[in-house]
Amino acid sequence: MLESDARERIMIALDVDRDRALELGGALAGRARWVKIGMTLFYAEGPAIVRAFKDLGFKVFLDLKFHDIPHQVRGAARSAALTGADLLTAHGLGSSAMLRAALEGVTEAAEVLGGERARVIAITVLTSMDQTALTEIGIDRPVADEASALAGLARKSGIDGVVCSPMEAAAMRAALGPSAFVVTPGVRPAGADLGDQSRVSTPASAIGAGASHLVIGRPITGANDPLAAYEAIVNELVEARP
């Protein structure tokens, strides 16, 4: 894999406060391509935090996991896309009507901004969930089957891809085709702390299985030298595949 391709694959999860996020942004600007802003940081700082990272030259994955009635999701997706975010998430469990509404919202935003629309990907099964957790919420089919069913719903709804565990990446790639986003949290370099993730993989293994992008947070943001940690993962990907 080319170094430029490897950099495009890694999304750095900024699950930190504003000051630390901006400190990391300054350290990684010009080297990393993507950051992921989740609920905690966005709810604390609002649209300005997205714009701050766009100004630093990053692509922004705004991971708010929309899940509501279609009318609300359409408006939420439109507002989120107007921040300049490049990629948004919606829960596959919300139905095809809700997923299509999210696409309508980002399309409306693109018309306002005059550029390419933000991409929308569907959450399948959260990587913190295992079979026991699924059973607790009334879903009896295996994790892999549930993820595949929601990916199929996303495909039929016109969604740009999915978020899934690395364990399901190969099946998602086969189902969705070569151009779909297959974004995998739960990626940890060998020997790293697993944290609250239940279904995990190394970066090279996740890419080899079919992931298009890897969400990696604490192994980079919690490192003594975040840039060095990031570059080590880039090198792992470059060396792992031609």
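Helices (H or I, at least four residues) and strands (E, at least two) are DSSP runs, numbered from the N terminus. The views below come from a predicted model, in which local features need pLDDT of at least 70, side-chain atom pairs count only at pLDDT 80 or more, and totals for chains, interfaces and linings use all residues. Residues are numbered from 1 along each chain as its sequence is written, and side-chain values use heavy atoms, with hydrogens and water left out.

**View 1. Threonine 124 in the loop between strand E5 and helix H7.** Strand E5 covers 119-123 and helix H7 covers 131-136, with threonine 124 in the loop between them. Threonine 124 has a relative accessible area of 6% and is therefore buried; buried means under 20% relative accessible area, exposed over 50%, and partly exposed in between (1.4 Å probe, protein chains only). A polar atom of the threonine 124 side chain lies 2.6 Å from the backbone oxygen of valine 163. Leaving out residues up to four places away in sequence, threonine 124 touches Ala147, Leu150, Ala151, Val162, Val163 and Cys164. Contact here means heavy atoms within 4.5 Å.

**View 2. Aspartate 160 in the loop between helix H8 and strand E6.** Helix H8 spans 143-157 and strand E6 spans 161-163. Aspartate 160 counts as buried because its relative accessibility is 16%. Its side chain is joined to that of arginine 117 by a polar contact of 2.8 Å. A polar contact is a pair of N or O atoms within 3.5 Å; within protein, one must be able to donate a hydrogen and the other to accept it, and residues adjacent in sequence count only if both atoms are side-chain atoms. Not counting residues up to four places away in sequence, the residues that aspartate 160 touches include Leu103, Arg119, Val120 and Phe181.

**View 3. Leucine 99 in helix H6.** With a relative accessible area of 0%, leucine 99 is buried. Residues up to four places away in sequence aside, leucine 99 touches Ala90, His91, Gly92, Ala122, Leu153, Ala154, Ser157 and Ile159. The C-alpha atoms of leucine 99 and isoleucine 121 are separated by 8.9 Å, and the two residues are 22 residues apart along the chain.

**View 4. Alanine 149 in helix H8.** Alanine 149 has 32% relative accessibility and so counts as partly exposed.

**View 5. Helix H2 against helix H12.** Two packed helices are described by the angle between their axes and the distance between the axes. Helix H2 (residues 18-28) packs on helix H12 (residues 226-240) at an angle of about 60°, and the axes are 9 Å apart. Axes are lines fitted to C-alpha atoms, for helices over the stretch in contact, and angles run from 0 to 180 degrees between N-to-C directions. H2 and H12 are therefore oblique to each other; angles under 35 degrees count as roughly parallel, over 145 as roughly antiparallel, 65 to 115 as roughly perpendicular and the rest as oblique. On the H2 side, Arg20, Leu24, Ala27 and Leu28 meet Pro226, Leu227 and Tyr230 of H12. By class, this contact has six nonpolar, no polar and one charged residues. Ala, Val, Leu, Ile, Met, Phe, Trp, Tyr, Cys and Pro count as nonpolar, Asp, Glu, Lys and Arg as charged, and the others, Gly among them, as polar.

**View 6. Helix H2 against helix H4.** H2 and H4 (residues 47-55) pack at an angle of about 15°, with axes 10 Å apart. H2 is therefore roughly parallel to H4. Arg18, Ala21, Leu22 and Gly25 of H2 make the contact with Ile49, Ala52 and Phe53 of H4. The classes in the contact of H2 with H4 are five nonpolar, one polar and one charged.

**View 7. Lysine 65 and serine 95, each with a positive phi.** Most residues other than glycine have a negative phi. Lysine 65, in strand E3 (residues 59-66), has a positive phi of about 55°. Serine 95 has a phi near 100° and lies in the loop between strand E4 (87-91) and helix H6 (96-113). Lysine 65 counts as partly exposed because its relative accessibility is 21%; serine 95 is also partly exposed, with a relative accessible area of 30%.
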